[in-house]
Amino acid sequence: MKTKAIILSLFLTLAISAKSQLQKVAISHTVWNGVTTSSDGRVFVNFPRIEGDKGMRIGEVLKNGKIIPYPNEDWNNWESGADVNEKFVRTNSLRIGPDGLLWIVDTGTPSMGQNPLSENALKLVSINTKTNTVQQIIPLSGIAKPSTFIDDLRISGNTIYLTDAGEPALIILDKTTGKGRRVLENHPSTTDNLPIKAEGKIMKDEKGNEVRIHADQLELSPDGKWLYFQPASGPLWRVETQYLNDENLSEKDLASKVELFYKTPSTGGTAIDAGGNIYVSDVNTSEIIKISPEGKKVWS
């Protein structure tokens with residue numbers, strides 16, 4: 001989804017000065033859909049390679065604006081038929097966790113809409129940015145379904161929250177053991193039941209069918225209390241993490257804890273600041289909407 005890059009590319013390429021003037025930081029002629037910054041100011045970006053083309057999957061943006069493969073070229077030179085164990089097949093998101101590691105979602109699919117190549121292709125990869133070496137590889141095949149498309153992640157302590165945009169659900173994963181479980185499967189909060197509107201048109205595939213991207217964006221409140229999430233077409237929901245983390249809570253009881261937070265439009269990306277304000281890209285009108293922690297629209 002090309003428009004998924006809008007908000008995150010905007011946050012990467014633009015910085016706000018004292019006069020609220022936007023300043024260009026970096027440019028890419030290839031679509032990127034994710035950016036994260038380490039505590040020491042290093043910037044990492046994700047190239048989703050939606051059509052399965054060759055090239056860099058994860059890159060580091062240098063001070064001069066040049067982008068280089070990260071953690072090295074070997075991880076970024078996958079080609080059809082090659083081993084997938086220590087290669088990025090198709091990365092979809094990345095995040096610096098509270099542990100300081102760079103966490104990456106590899107869908108393991110050659111291109112968007114396809115199935116993972118093997119059990120080892122669908123994985124989470126963490127990289128120690130101090131040593132630029134891979135720290136951990138967590139296979140995700142154990143919590144996958146036939147049409148699973150792991151989309152995004154957020155981290156709190158030892159818990160990793162993931163969205164499945166192909167088989168509607170949230171995934172709760174223990175990063176220490178690598179074990180995960182699926183929750184809110186096919187719930188209205190994780191299922192895309194509305195048309196996705198982008199740049200004035202309803203998104204359709206090559207066969208003319210409306211595109212459906214289920215549980216997609218998610219954000220974690222600064223205090224770790226709330227997880228916000230939504231399908232690509234909206235709306236935005238939230239649930240307290242204490243309920244998500246409770247393995248003894250029934251699916252019915254968990255569903256009763258989910259709240260509608262804001263009726264967002266079709267969204268390409270989200271971000272959250274230290275004050276708990278959520279920023280949402282409206283891919284239909286090419287705007288950014290700011291939503292307060294109370295669920296009120298601040299500006300667009």
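## An aromatic pair in the interior

Trp-32 and Phe-47 are both buried. The model described here is predicted. In this model the two residues form an aromatic pair of the tilted kind, with 6.1 Å from centre to centre and 40° between the planes. Trp-32 belongs to the loop between strand 2 (22-24) and strand 3 (34-37), while Phe-47 belongs to the loop between strand 4 (43-46) and strand 5 (58-61), so the pair ties together parts that are 15 residues apart in sequence. The structure holds five aromatic pairs, and the pair of Trp-32 and Phe-47 is one of them.

Thr-91 is part of strand 7, which covers residues 91-96. Its relative accessibility is 0%, and therefore Thr-91 counts as buried.

Which side chain is joined to that of Thr-91 by a polar contact of 2.5 Å? The partner is the side chain of Asn-46.

## Charges over aromatic rings

Two aromatic residues each have a charged side chain over the ring. Arg-238 lies over the face of Trp-226, at 3.6 Å from the ring centre. Lys-257 is placed over the face of Tyr-243, and here the value is 4.8 Å from the ring centre.

Pro-231 is located in strand 18, which comprises residues 226-231. Is this residue buried or exposed? Pro-231 counts as buried because its relative accessibility is 0%.

Pro-231 and Asp-216 are 15 residues apart along the chain, and their C-alpha atoms are separated by 5.0 Å. Asp-216 is also one of the residues that Pro-231 touches, when residues up to four places away in sequence are not counted. Other contacts of Pro-231 include Ser-189, Thr-191, Asp-192, Ile-213 and His-214.

Four strands form an open sheet in the order 21-22-23-24, and their pairing is antiparallel. Strand 21 (267-272) and strand 24 (297-299) stand at the edges with a single partner strand each, so one side of each has no neighbour in the sheet. From one strand to the next, the twist averages 30°.

Within this sheet, strand 22 (residues 278-282) and strand 23 (residues 287-291) run antiparallel and are joined by five bridges. Val-280 stands opposite Ile-289 in strand 23.

Methods
Residues numbered from 1 in each chain as written. Predicted model: local features only at pLDDT ≥ 70, side-chain atom pairs only at ≥ 80, totals over all residues. Heavy atoms only, no water. Phe/Tyr/Trp six-rings, centres within 6.5 Å; stacked < 30°, edge-to-face > 60°. Helix = DSSP H or I, 4+ residues; strand = E, 2+ residues; numbered from the N terminus. Buried < 20%, exposed > 50% of the residue type's maximum accessible area, 1.4 Å probe, protein only. Lys NZ or Arg CZ within 6 Å of the ring centre and 35° of its normal. Pairing = 2+ DSSP bridges. Axes fitted to C-alpha atoms, helices over the stretch in contact; angles between N-to-C directions. Contact = heavy atoms within 4.5 Å. Polar contact = N/O pair within 3.5 Å; in protein donor to acceptor, adjacent residues only side chain to side chain.
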